[in-house]
Each structure stands twice: as C-alpha cells, then as structure tokens.
Amino acid sequence: MTAGRGRPVVFDEPAQTEFLRLVAGGARLGDAATKLGVGRRTPEQLARRNPAFARQLDVARTTGRGRRIPHGTPGGYNNHKCRCAPCTAEATRARSNAPDRKHADIHRLPAPQPPTATRKFPVLADVG
C-alpha cells in the first residue's frame, strides 16, 4: 500500500494484542473495542477471516468470562449462568434462606386411609 492512500490500518498487530489482553482481563468485547478506537464488529470480522486470531479470541473470552463473574454469589449463578460449585452452593443457600420461606407453614398431607369398601370399585356410599 502506498503511503497516504486508502484507509489507515487501525486494528493492526499491536492493537489486536491489546484487544486480546483487555478481553482476557475481563472487559466486554464492545468496551475493549471502544477503548482501542475500533468498531465493535471489527474484531469479530477479523476472527471470521483469521482462524489463528479466532482461537486466541476464544481463549481470551473464556478467561475474561471467568474473571468477570462474581463467583460464590447467587448473582453468579442466576445472572451469569455460572454452574461452578461455589456459585451453585451459594444460590441454593440463598434460596433456602429466602425471607418468604424461612418461617413458612408446611402443610402435611393426611395419611392415606385404607379403603372401606369390600368391592373392587367404590360406590357412592363409600365415597361419603
């Protein structure tokens, strides 16, 4: 490319590395792209054309998601759909200690009565 002609390259190699670092650090894709001054779709379009960048982006997303989720909280389970053991245990504890369930009356069903009819099918007199 000749100097001064065409669009300047905005998402070059250093920008890609910085983008992947931000995403792995827990930033959302749009926030990381905005911080670098590129469009939200630019990294996704590059990932479609460049399989190596796509793999790096996938690893960075996975790492960043783990850092962004508040593990060990009910919000990690309910809002972020994290199913790790600490998030699941905390969500279960929060549900069992909910204010509407702490002092709830538990109505037990009565014990089943043995049938009084000697016939196979109940008749109206047996139902009562």
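## Order of elements

From the N terminus on, the elements of the chain run α-α-α-α-α-α-α-α. The secondary structure thus listed comes to eight helices and zero strands; helices (H or I, at least four residues) and strands (E, at least two) are DSSP runs, numbered from the N terminus. This is a predicted model, in which local features need pLDDT of at least 70 and side-chain atom pairs count only at pLDDT 80 or more, while totals for chains, interfaces and linings use all residues. Residues are numbered from 1 along each chain as its sequence is written, and side-chain values use heavy atoms, with hydrogens and water left out.

Of the 128 residues in the chain, 23% are buried; buried means under 20% relative accessible area, exposed over 50%, and partly exposed in between (1.4 Å probe, protein chains only). Contact means heavy atoms within 4.5 Å. Among contacts between residues at least 6 apart in sequence, 35% join residues at least 24 apart.

## Nonpolar cores

In soluble globular proteins, nonpolar side chains tend to be buried together. A nonpolar core is here a set of buried Ala, Val, Leu, Ile, Met, Phe, Trp, Tyr and Cys residues joined through side-chain atoms within 4.5 Å. The largest such core has 16 residues, of which F11, F19, L20, V23, F53 and L57 touch the most other members. Two or more residues come from each of α1 (13-24), α2 (29-36), α3 (42-49) and α4 (51-68), and α1 gives the most, with six residues.

Leaving aside residues up to four places away in sequence, L57 touches F19, L20, L29 and A47. Another core lies apart from the largest one; this core has five residues, among them Y77, C82, C87 and A91.

## Packing of α1 and α4

Two packed helices are described by the angle between their axes and the distance between the axes. For α1 and α4, the angle is about 30 degrees and the axes are 7 Å apart; axes are lines fitted to C-alpha atoms, for helices over the stretch in contact, and angles run from 0 to 180 degrees between N-to-C directions. The angle therefore makes α1 roughly parallel to α4, a term for angles under 35 degrees, whereas those over 145 count as roughly antiparallel, 65 to 115 as roughly perpendicular and the rest as oblique.

On the α1 side, the contact involves Q16, F19, L20, V23 and A24, which meet F53, Q56, L57, A60, R61, T63, G64 and R67 in α4. By class, this contact has seven nonpolar, four polar and two charged residues; Ala, Val, Leu, Ile, Met, Phe, Trp, Tyr, Cys and Pro count as nonpolar, Asp, Glu, Lys and Arg as charged, and the others, Gly among them, as polar.

## Cysteines

A search of the whole structure finds zero disulfides, a disulfide being a pair of cysteine sulfur atoms within 2.5 Å. For C82, the nearest cysteine sulfur is that of C84, 3.5 Å away. C82 is buried, with a relative accessible area of 7%, whereas C84 counts as partly exposed at 23%.

## Loops on either side of α5

G72 lies in the loop between α4 and α5 and is partly exposed, with a relative accessible area of 29%. The C-alpha atoms of G72 and C87 are separated by 4.3 Å, although these residues are 15 apart along the chain. Not counting residues up to four places away in sequence, G72 touches P86, C87 and E90.

K81 is placed in the loop between α5 (74-78) and α6 (85-96). Most residues other than glycine have a negative phi. K81, not a glycine, has a positive phi of about 60 degrees, and counts as exposed at 57% relative accessibility.
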